[in-house]
Amino acid sequence: MAGRRRVSGASVVALCLLLVSLVACGGGPAVDAARAEVQSLLDRRAEAVLDRDAAAYARTGTRTGFAGLRAVPLADWSYRVTALDRTGDTATAAADLSYRVEGHDGSPVVTARSLSLSRDAEGRWSVDSDRPAAKSGQQLWDQGTVRAVRGGRSLVLGVGQSADTLRDYAGLADRSVPAVSGAWGPRWAGRVVVLVPANLEGMAGLLGSPASSYRGIAAVTTGATGTGGRAPADRVIVNPEAFGLLGDPGRQIVLTHETTHVATRAHTSAATPLWLSEGFADWVGYRGGDRHPDEAAPELAYAVGRGEVPAGLPDDEDFGFAGDADRLARAYESGWLACRLIAERWGEDRLREFYRAVGTHQDREGAVEDAMHRVLALTREEFTAQWQDYVKATLT
């Protein structure tokens with residue numbers, strides 16, 4: 001054949017060394033090719049999710065999970081393979097799942113997944129299972145078929161809940177949004193996503209933590225902090241068992257508290273102590289209500305009645321869900337009264353300014369002290385003394 005050349009023995013040796021080198025680097029061409037094939041497979045699977053195409057989804061592997069997703073209004077859904085462990089015709093892929101809920105998420109939720117795959121006789125890969133990676137929380141559709149209810153300012157997604165129940169949550173969430181805007185200001189998304197699992201165990205699964213950590217906790221908010229003004233993909237996650245024990249006023253306070261975290265998240269950073277973030281959220285929750293401080297802060301009132309005035313503002317460790325319930329209650333109540341003091345003595349504008357000023361710092365060291373000096377013209381010691389006097393005067 002024209003152009004064909006004889007290959008010498010030395011050339012053969014050099015070629016073999018080159019192939020050995022290629023195989024040794026990064027898992028070799030075979031693994032790289034398999035990873036590219038798996039990425040292509042997951043791209044098609046993601047497209048099927050967005051297109052609501054059950055047949056196309058089934059062609060990529062297991063149908064599990066597709067039905068649970070149908071009610072979720074998705075703007076984006078994609079996988080990025082981060083690692084592939086292949087043994088013959090089977091493999092396990094580590095991937096980051098990134099998705100956004102349409103009309104609500106300013107930035108995507110990113111969660112680690114572990115996918116089991118197999119290859120058929122014709123060399124085609126398919127997904128056998130798609131699960132949360134180790135130490136990653138579940139997504140709501142991992143727990144069953146999701147039901148969605150849209151409110152005027154909210155989206156409520158639930159598993160194992162009736163439409164009427166979810167509409168009740170939507171009503172509470174819708175009322176919380178203007179309450180939060182009135183206290184924090186209009187510069188936030190003005191909408192909220194609420195997740196309602198079937199039970200406490202479902203809540204814990206979404207958070208990737210033991211159920212014992214959240215027993216008695218009515219709701220929590222998840223989301224990235226310190227985003228420099230961008231709207232993160234926050235979720236209010238409800239514990240339906242604890243939430244169901246509350247009366248209507250208590251439920252509204254809880255949803256307003258959690259919605260406050262959604263509104264303030266972009267201005268909350270590692271520098272923000274929990275007494276401020278939780279205290280501010282409680283201040284918004286109780287703002288405009290008629291609860292007497294003794295009713296809103298019963299544990300702290302009981303301690304003050306025994307002559308036990310707190311020595312200082314609570315530490316972050318005091319807010320641990322798995323610890324002493326009375327200590328946790330006093331921590332929340334102390335933070336609330338600190339924010340209430342600022343709002344009453346310096347005004348609500350100063351309270352908002354103080355919150356934002358603390359969050360602008362990169363580190364915790366000196367953040368509160370600097371903000372107190374600039375916004376309140378006080379040292380931390382002076383503020384603490386005024387707060388202690390305020391606690392005594394308010395609760396006795």
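The model is predicted. The protein has 15 helices and nine strands. Of its 396 residues, 47% are buried. Salt bridges number 20.

**Overall make-up**

- The accessible surface comes to about 19,100 Å². Carbon and sulfur atoms hold 49% of that surface.
- Among contacts with a separation of 6 or more, 61% join residues 24 or more positions apart.

**The four-stranded sheet**

- Four strands form an open sheet in the order S1-S2-S3-S4, and the pairing is antiparallel.
- Strand S1 (74-87) and strand S4 (125-132) stand at the edges. Each has a single partner strand, so one side of each lacks a neighbour in the sheet.
- Neighbouring strands of this sheet are turned by 30 degrees against each other on average, direction ignored.
- S1 pairs with strand S2 (residues 90-101) in the antiparallel sense, over twelve bridges.
- Alanine 83 has alanine 94 of S2 as its bridge partner.

**Helix H14: the buried side**

- Helix H14 spans residues 367-376. Its buried residues are Ala367, Val368, Ala371, Met372, Val375 and Leu376.
- Why do these residues share one side of H14? They cover an arc of only 125 degrees around the axis, and this puts them on the same side of the helix.
- An α-helix has 3.6 residues a turn, so residues three or four places apart point the same way.
- Helix H9 (274-286) and helix H12 (325-345) are among the elements that cover the buried residues of H14. Helix H13 (348-359) and helix H15 (380-395) also belong to this cover.
- Alanine 377 follows H14 and has a positive phi, near 60 degrees.

- Aspartate 370 and arginine 374 form a salt bridge, with their closest N and O atoms 2.9 Å apart. Both residues lie in H14, four residues apart, about one turn of the helix.
- Aspartate 370 is partly exposed at 28% relative accessibility. Arginine 374 is also partly exposed, with a relative accessible area of 48%.
- Glutamate 369 forms a salt bridge with arginine 380, and the closest N and O atoms are 3.4 Å apart. Glutamate 369 sits in helix H14 and arginine 380 in helix H15, so the pair links parts of the chain eleven residues apart.
- Arginine 380 counts as partly exposed at 25% relative accessibility. Glutamate 369 counts as partly exposed at 34%.

**Other salt bridges**

- The side chains of aspartate 316 and arginine 364 meet in a salt bridge of 2.9 Å, N to O.
- Which parts does this pair tie together? Aspartate 316 lies in the loop between helix H11 (298-305) and H12, and arginine 364 lies in the loop between H13 and H14, so the bridge ties together parts that are 48 residues apart in sequence.
- Both ends are partly exposed: aspartate 316 has a relative accessible area of 25%, and arginine 364 has 35% relative accessibility.
- Arg287, Glu348, Asp349 and Arg352 form one network, joined by salt bridges that share partners.

Key
Residues numbered from 1 in each chain as written. Predicted model: local features only at pLDDT ≥ 70, side-chain atom pairs only at ≥ 80, totals over all residues. Heavy atoms only, no water. Buried < 20%, exposed > 50% of the residue type's maximum accessible area, 1.4 Å probe, protein only. Helix = DSSP H or I, 4+ residues; strand = E, 2+ residues; numbered from the N terminus. Arc of directions from axis to C-beta. Contact = heavy atoms within 4.5 Å. Pairing = 2+ DSSP bridges. Axes fitted to C-alpha atoms, helices over the stretch in contact; angles between N-to-C directions. Areas by Shrake-Rupley, 256 points an atom, 1.4 Å probe, with all protein chains shown as cover. Salt bridge = Lys/Arg side-chain N within 4 Å of Asp/Glu carboxyl O.
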